[in-house]
Amino acid sequence: LIAGSRALFGTILEQKVVLALDTSSSMASRLDFVKDKVRRLIQEQLSQTEAFTVVQFSSSVSPWREGLVPSNRSNLLGVWQWVRGLEAHGTTNTLWGLLASLRIPGAQAVYLLTDVRPDQPVE
């Protein structure tokens, strides 16, 4: 049975993960739903990992932290506060979001959440 965060993200098996979140304008109608699922992901799954970070992307890329951080209570609360404040704006530069996520040292997996409508050309 898939419920909670697993309904959107599946089961996270890796211990060092990056969550890449699309916050472009096209996500505006879905952003509250996404935030709820991320909250559940933090509680149900990220809390069981060794380390994590979150990267938001739209026209630009903004990581929550520059690298992976331990999955302790302080960091889990901190990332939730950051995610709660995210707003939808700009275009969708999926390539930059992925590249920034894949370049994080030590990451074993990147979980990409997007509506799959990139609207910026590859440069």
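Modeller: The model is predicted: local features need pLDDT of at least 70, side-chain atom pairs count only at pLDDT 80 or more, and totals for chains, interfaces and linings use all residues. Residues are numbered from 1 along each chain as its sequence is written, and side-chain values use heavy atoms, with hydrogens and water left out.

Biologist: What joins β2 to strand β4, and in which sense do they run, parallel or antiparallel?

Modeller: Two bridges join β2 to β4 (residues 69–70), and the two run antiparallel. Strands are DSSP runs of E with at least two residues, helices are runs of H or I with at least four, and both are numbered from the N terminus. Two strands pair if DSSP finds at least two bridges between them. In β4, P70 is the bridge partner of A51.

Biologist: How many bridges does β2 form with strand β3?

Modeller: β2 and β3 (residues 61–63) pair in the antiparallel sense over three bridges. V61 in β3 is the bridge partner of F57, and a hairpin joins β2 to β3 through three residues.

Biologist: In which sense do strand β1 and β2 pair?

Modeller: β1 (residues 16–22) pairs with β2 in the parallel sense, over seven bridges. From β1 the chain crosses through helix α2 (residues 31–44) to β2, in a right-handed β-α-β crossover. Right-handed means that, with the strands pointing away from the viewer, the path from the first strand over the helix to the second runs clockwise.

Biologist: Why is strand β2 described as largely enclosed by the rest of the structure?

Modeller: A residue is buried under 20% relative accessible area, exposed over 50% and partly exposed in between (1.4 Å probe, protein chains only). Seven of the seven residues of β2 (residues 51–57) are buried, so the strand is largely enclosed by the rest of the structure. In a regular strand the side chains alternate between the two faces of the sheet. Both faces of β2 are covered: A51, T53, V55 and F57 are buried on one side, as are F52, V54 and Q56 on the other.

Biologist: Why does A20 count as buried?

Modeller: A20 has 0% relative accessibility and therefore counts as buried. This residue lies in strand β1. Leaving aside neighbours within four places in sequence, A20 is in contact (heavy atoms within 4.5 Å) with residues including V55, F57 and L112.
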